[in-house]
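I opened this notebook to keep track of what I looked up, one entry at a time. The entries follow the order in which I went through the structure.

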Amino acid sequence: MSNKSEASKKGNDEADWAGKHIDWGSEIVEVKLYAELPFWIASPPGKVVVKIDECQLTLQFQNDVVGLYRNGTYAKSEFSLLQLTTEGAPFSEEQSREIDSEASVSKRHYRTLVSIPVLCHSSVFDKLQSPNKRIKLDAKIYVQSLAYRTLEFVNKFIYAYRSASLDPFVSQVSYWDVPLWHLKDWANNLWQIPMAAYQVSDELPLLWGEFRCRTSVAEIQNCVNRVMTPSLDELLDAWTCYYRGQFAEAVRKVVTSIEMTFAELIAELPELKGKNSKAETADQIRKMRFRDQVDYYCRNSGRRLPGPLTHISPEVSGVRLIEELFDARELRHKIVHESCKIDMYDQGPMRRIMETMSWLHGWLRGDPRRFDPTSSASYHANENLKNLHLFQTEIDRTGIRVIPPNDEAFDDPRTFNSALIEEVHVRKLMGALNREKSDLEYCVAWFLHIQRVSYRNCFVDECWEGTNSERFSCRFGTIRRLVFIVDTPTLLSQSEFNEIICRCSIKQCSQSQYFGPLVVVNHFNCLRYNERPNESCVQSLNTFSRLLGVTILSVNDLVTMAVISTRYPERSFGFLEHQFTPGPVNGLPSCFQNVGRVRRVYERINVVSVVLEEHCIRVGDELLFRAGCDARIAVIKSIEIRGVQLTTAYSMETVGIKLGDDSLIAFPTGTIVYKVLRPRLELSAKSLRTYAMQIPRNRNNFSREVVGNFTAYGIYDSDD
């Protein structure tokens with residue numbers, strides 16, 4: 001086994017990842033899954049062949065199934081289920097012995113029971129019997145994944161029955177409607193697999209592993225005499241539909257709740273309230289298009305819908321709630337007017353709609369704790385009560401099967417997942433700058449977020465109209481400053497600079513604690529991203545900006561620093577100090593020393609040819625490769641000049657550098673190369689003497705080793 005394979009195996013053995021305890025190399029056998037429908041299929045029992053894509057399965061349904069229960073006890077979880085049989089069928093000798101061994105047995109007649117064949121790893125059955133909860137959980141999720149995928153076939157069968165019978169009491173089902181499945185193996189052993197824990201629970205549902213109250217009796221009493229806001233009532237109905245798998249109805253209700261909120265808030269604006277009767281005001285609002293309602297409210301309330309949001313999750317980062325709102329309304333329109341169906345497997349997109357609209361509802365009402373269900377302390381526990389954490393499945397000609405997790409794709413899943421998320425953030429950040437209409441606000445917001453600078457959007461009318469007004473107000477410690485974004489086809493002009501200074505002067509009259517502003521310039525925005533000249537974003541403003549404490553930074557440098565901080569979040573590189581430097585700030589901080597450019601890349605052997613233009617590099621140094629706004633750091637493993645291995649290379653040479661990072665991409669020719677300077681320790685002579693006395697070694701050797709490492713020759717006196 002190779003070293004890499006050994007490292008991968010070691011990393012996976014130490015990690016506890018979903019599916020680890022399943023023997024994915026065990027034999028695959030055909031078994032059956034059973035589920036009781038919440039209604040009757042009014043037809044003689046039989047078999048129906050259901051085909052989806054290339055997969056063709058035989059679904060069997062029966063109306064005469066009886067369940068036998070131990071100790072005369074029946075529970076929704078069916079933990080006491082002894083056997084499944086048909087009404088009036090004779091028992092085998094083994095069944096009879098099992099029944100006789102029980103003190104008492106009761107029976108229950110099932111509604112229509114459907115069975116469907118699936119492919120299953122044989123090791124799953126041993127795991128279902130394991131006393132270890134973690135091992136048993138893997139097997140349970142495995143069977144849940146199979147059952148969830150079979151719902152597609154069950155619903156196609158139900159759809160065909162409705163079409164043939166015109167039965168109004170039958171509808172397509174979700175995991176909420178069919179919350180409990182039975183798995184039967186080749187030996188007729190039965191296991192109960194719940195799909196929705198809340199539905200099959202015979203006790204008060206547990207939150208965070210124990211019972212915790214969602215509210216108090218006093219709060220309930222207070223709400224008895226307090227009328228719930230109609231929009232909140234509609235929003236809670238939407239969440240109920242979401243958890244029950246009724247996605248189309250959830251979209252209709254969640255969008256309606258936002259529309260009701262805007263109508264109520266507009267009616268409360270001073271421009272309308274008290275001037276007309278309630279009926280006249282409602283009629284005036286009803287005549288406005290919804291987009292006009294949003295603009296009218298934002299313009300007259302002085303508020304602006306939140307965004308871009310910054311979040312550790314790539315799906316949330318960059319979200320603008322106004323765009324999410326109009327996307328959700330467009331989907332609602334398709335559902336209502338075009339009979340658009342939402343696939344029950346679209347859990348991710350549906351969750352995004354529900355969460356973003358809940359955030360918007362809480363923000364509009366001004367009290368997220370009361371009007372945003374996602375702010376509830378029980379919100380994350382709701383997912384456990386929903387109880388769906390599935391593996392990926394696939395269907396083909398042979399049937400339905402679970403896809404094994406690709407555990408060989410990374411050495412350590414813990415670090416792999418973190419690096420993957422960081423890379424998604426980087427791609428999203430550069431995409432926000434490279435597209436035709438750049439999302440400059442997101443670039444600036446993510447830069448402040450990754451630098452751990454507290455910021456908020458400046459929701460003012462000037463920003464809404466797109467003038468050079470402040471976009472963010474940020475705070476670091478006791479320092480506060482305004483952030484401006486200038487989008488210009490040339491360089492930052494004197495008039496634009498004067499407009500920013502005037503705006504800052506007005507702001508400082510009311511709040512004098514503001515530091516000089518940060519101005520981010522997207523210059524030459526009329527050119528394509530890769531055609532823009534690499535030059536300063538200002539001209540002849542150096543003296544004024546320094547005197548006034550204004551920091552001027554190009555968006556290209558800002559995004560580059562944000563990319564580096566995202567890929568290497570544990571290091572600072574002096575970016576925070578860089579953004580507080582008065583005057584135009586060109587390029588990266590001083591810890592990045594420009595040494596040359598890439599001449600050629602040999603990706604297969606991880607070697608890059610670099611033309612050194614100035615300074616020197618050594619084995620062990622870190623190099624930063626910057627191509628546009630993309631930047632990566634790699635360590636020099638070896639240096640070669642004309643076939644000779646060296647430890648140091650000086651300027652005016654073309655060197656071959658072996659890099660130590662296997663994940664590096666092929667850099668384009670001309671990529672700028674920087675050397676990452678290590679921070680020096682500023683130590684006094686007294687500090688060095690104290691440190692030297694603490695190490696029992698030859699003091700002359702210490703003088704050469706320690707003082708050499710600190711680059712502080714002449715400070716240490718060996719004769720003292």
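Before the first entry I noted the cut-offs: a residue is buried under 20% relative accessible area, exposed over 50%, and partly exposed in between. I also noted that this is a predicted model.

**Entry: surface patches.** I looked up glutamate 323, which lies in helix α11, residues 321-337; its relative accessibility is 46%, and because that value falls between the two cut-offs, I put glutamate 323 down as partly exposed. I then turned to a nonpolar surface patch made of Phe544, Leu547 and Leu548, whose accessible area together is about 350 Å². Leucine 547 belongs to helix α19, residues 542-548, and with a relative accessible area of 70% leucine 547 is exposed.

Entry: Glutamate 152 is 102 residues away from valine 50 along the chain, yet I read a separation of 9.9 Å between their C-alpha atoms.

**Entry: salt bridges.** I asked myself how many salt bridges the count comes to. The count is 34, and I followed a few of them by residue.

Lysine 253 and glutamate 249 meet through their side chains at 3.9 Å, N to O; they are about one helical turn from each other, because they stand four residues apart in helix α8, residues 247-267. Lysine 253 is buried at 17% relative accessibility, whereas glutamate 249, at 26%, is partly exposed.

Arginine 352 and glutamate 324 form another salt bridge, at 2.6 Å from N to O, and this pair links distant parts of the chain, with arginine 352 in helix α12 and glutamate 324 in helix α11, 28 residues apart. I listed arginine 352 as partly exposed at 33% and glutamate 324 as buried at 11%.

In helix α15, residues 413-434, glutamate 423 and arginine 427 are four residues apart, about one turn of the helix, and their side chains form a salt bridge of 3.6 Å, N to O. I also wrote down a network of salt bridges that links Arg304, Arg320, Asp439, Glu441 and Arg471.

**Entry: helix α12.** Returning to helix α12, I noted that its 19 residues, 347-365, reach 27 Å from the first C-alpha to the last, close to the 27 Å expected. Just after α12, I found glycine 366 with a positive phi of about 80°.

Methods:
Residues numbered from 1 in each chain as written. Heavy atoms only, no water. Expected span 1.5 Å × (residues − 1). Buried < 20%, exposed > 50% of the residue type's maximum accessible area, 1.4 Å probe, protein only. Patch = residues over 30% accessible without salt bridge, like charges linked within 9 Å, V, L, I, M, F, W, Y side chains within 5 Å. Areas by Shrake-Rupley, 256 points an atom, 1.4 Å probe, with all protein chains shown as cover. Salt bridge = Lys/Arg side-chain N within 4 Å of Asp/Glu carboxyl O.
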